[in-house]
Amino acid sequence: MATERREVVEAGGRSGRLWLAPIALLYLIALIAPISFFLVMSVFRYSALELWVPTVTGENFARLLGDAYHRAIIVRTLKIALLTTIGCLALGYPLAWYLARTASAWRGLLMFLVIAPLMTGVIVRTYGWIVLLGSEGTINTILRGLGLVDRPLKILHTELAVLIALVHILLPYMVFPLFAALAGQDPDLERAAHTLGAGRARTFLEVTLPLSRPGILMGSALVFTLTAGAVVTPALMGGKDVRMLGQTIYELTMSTLNWPLASAVAFVLVLCQFAILLVYFRSGRRRAA
Amino acid sequence: MAKTILELQGVVKRYGATLGVGPVDVDVREGEFLTLLGPSGCGKTTTLHVVAGLLFPDQGRVVLGARDITRLDPQNRDMGLVFQNYALFPHKTVFDNVAFGLRMRRTPRAEIAGRVRRVLDMVGLPGVEARLPGQLSGGQRQRVALARALVIEPTVLLLDEPLSNLDAVLRKRMRLDLRELQQHLGIATIFVTHDQDEAFEISDRVVLLNRGRVEQVGTPEELYDDPATRFAAEFIGETNLIEGVVAAAAGAIVTVDTSVGARYEAFAPGRSLRGGDPVYVMIRPERIDLVPERPAGGVAMPATVSKRVFAGDVITFELRTEHGLLLRCSKPSVAEYRALAPGAPVWAVVRDCRALPRDGDGEA
């Protein structure tokens, strides 16, 4: 399989690569240039008067990694990204499996329901969760109405609230790679496992699960990087209590106007995301070899 | 006659409202090579999946030995199935693929290693244990799939068109290898194919399926010489069919009047045809002699060669008789027949023919 794919790419040859020029240009302007910009900025000195002075210094990184406040934000970001990934995987795998295997007439509708959240904005969906989870929100009203709690539970502005909203918002990014990996499996493989003596559970563990690994890795890489860089959802759901790296960069850039420190934070964030992608590609390559 | 070890009794499988197969009755005897033959969509693979337990029938029973296994899960059936596309696990090495069935049976590790090696030797593929299926050729994959099915020592070996993805030369060789291996192991085998040559070359008996039903069961000779229906006659080999009506019946010999002048003495064993029954007279192309002069007896028709197709060892002629009947006739590629060109006058002598019932439902 892998060799076939390589041949197709090679057949595209030079003229095939030419088609990549527009996207290469876009990446240069929208990705490489800004990253280079803040890479440089992150080692400049902050100045309250001139914003920055072009003197090379390590003080931004020293401050970021040195004080407990910023360290906590980094740890929290990684923790929430990891938990969101696990949450999406736990909810998304059964859903993707069902979508890939069902012959039901409802499949089309279910696929639509998975995509539907992508059609409304992140902000709209986040406000939806605020309405549900707030202290005067639907869930607290019901809990109090039933007499299960005396005072409203604090759900909004907790890590749990951020987690719930992120899992909901990012679920499609997990479901679709998983669906593609599962739907692409030859159904005869599971049949072969059955005839050789494997029950449903063994067949899943020995055949279905390992073969869906590319989907698991792809979905996890997407969800993890998107969570780690999320700004709006953590800001609205977590408020001031649950700070993550995204908001921190936003505030340092827009309100505090400490661009060198903002750049250093951005650098750490991008580093985390690249680390995840690296793990993804390395494990993908190991499988192909 | 060998004992029956597997039996399908009145098996019916529906897909929604549409009928997949059935009712189908098939029996497999000990050590037998049985082929399910038929055009695509005739229900051969469905039938095989019912045997393997991958599909449960809507009606009927599957009996293995004396045991009803109709509702038994596939993992408890001990049947080795080789898939058309082999269905090797792409993420497991050849060793792990072959060892899979043994691991599921909790065979001790040391024993697994030995059995995997022996079965790979047996299928003629030693030394590939560490490779992944993607690194093997089509023929090698086919052998690994066979090894994986055989290593569990199945009670019945099921083969779903296992040769159809191989090129012509390899297919012929694998066919013979497969037959030899099957006879060596003495394992009852059900083989599915749409290729009549393959079925005939390899099988003890053939089950001819059409539109989910059994059209005929018999040895290759029985199916070729004495097809039970028009479908059977046309699906297997080349044939000439002439519509007629039984004029007189005397035991297995019937006299048939046809619309094209001639009166045939046809053989119809076990058919109990009676005067007035509509029938086909079936004449195989190689059972027609071509002679230059009117022969003394038998059914002979003056005809003209209208077409001649040279295929190396055989020449196929299309003859037009004076009554306008078209007959296909095949002759060995020797001087006397090579000389016959289109337009040449000949006498066509029907050496033997069969009568088979014509009910109007035999349309292929």
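A:His157 is partly exposed, with 19 other C-beta atoms within 10 Å. On the scale used here, a residue is buried if 20 or more other C-beta atoms lie within 10 Å of its own, exposed if 12 or fewer, and partly exposed in between, with C-beta atoms placed from the backbone. A:His157 sits in the loop between helix H7 (138-145) and helix H8 (159-183) of chain A. Its phi is positive, about 65°, although A:His157 is not a glycine.

Buried or exposed, where does B:Glu161 fall? With 21 C-beta neighbours inside 10 Å, B:Glu161 counts as buried.

A word on reading the model: it is predicted, local features need pLDDT of at least 70, side-chain atom pairs count only at pLDDT 80 or more, and totals for chains, interfaces and linings use all residues. Residues are numbered from 1 along each chain as its sequence is written, while chains are lettered from A and ligands numbered from 1 in the order in which they are written.

**The two chains**

Here are the chains side by side. Helices (H or I, at least four residues) and strands (E, at least two) are DSSP runs, numbered from the N terminus.

| Item | Chain A | Chain B |
|---|---|---|
| Helices and strands | 14 helices, two strands | nine helices, 20 strands |
| C-alpha box along the principal axes | roughly 75 × 70 × 30 Å | roughly 75 × 45 × 40 Å |
| Buried residues | 33% of 289 residues | 39% of 364 residues |

Two residues are in contact if their C-beta atoms, placed from the backbone, lie within 7 Å. In chain A, residues 24 or more positions apart account for 70% of the contacts with a separation of 6 or more. For chain B, 65% of the contacts between residues at least 6 apart in sequence join residues at least 24 apart.

**Where the chains meet**

On the chain B side, 17 residues are in contact with 16 residues of chain A. E6 and helix H2 (94-104) of chain B each supply at least two residues of that side, and H2(B) gives the largest share, three residues. By class, the side of chain B that touches chain A has 11 nonpolar, five polar and one charged residue. In this count, Ala, Val, Leu, Ile, Met, Phe, Trp, Tyr, Cys and Pro are nonpolar, Asp, Glu, Lys and Arg are charged, and the others, Gly among them, are polar.

**A sheet in chain B**

Let us turn to a sheet. Six strands of chain B form an open sheet with mixed pairing, in the order E6-E7-E8-E3-E9-E10; two strands pair if DSSP finds at least two bridges between them. Strand E6 (79-82) and E10 of chain B stand at the edges with a single partner strand each, so one side of each is left without a neighbour in the sheet. From one strand to the next, the twist averages 15°.

Within this sheet, strand E7 (residues 156-160) and strand E8 (residues 188-193) of chain B run parallel and are joined by five bridges. B:Leu157 stands opposite B:Thr189 in E8(B). Helix H4 (residues 138-150) of chain B lies across E6 and E7 of chain B, at about 170° to E6(B). Axes here are lines fitted to C-alpha atoms, for helices over the stretch in contact, and angles run from 0 to 180 degrees between N-to-C directions.

**Domains and cores**

Chain B is divided into domain 1 (4-230) and domain 2 (231-357), with bounds from an automatic or database domain assignment. Their C-alpha centres lie 38 Å apart. The contact takes 12 residues from domain 1 of chain B and 13 residues from domain 2 of chain B.

A nonpolar core is a set of buried Ala, Val, Leu, Ile, Met, Phe, Trp, Tyr and Cys residues joined through C-beta atoms within 7 Å. How many residues does the largest nonpolar core have? It has 98, and B:Val51, B:Ala147 and B:Val281 are among those with the most contacts inside it. H4(B) provides the largest share of this core, six residues. Domain 1 and domain 2 of chain B both give residues to this core, so it lies between them. Leaving out residues up to four places away in sequence, B:Val281 touches residues including B:Ile242, B:Tyr264 and B:Cys353. A second, separate core of 55 residues includes A:Ala81, A:Leu171, A:Met244 and A:Ile276.
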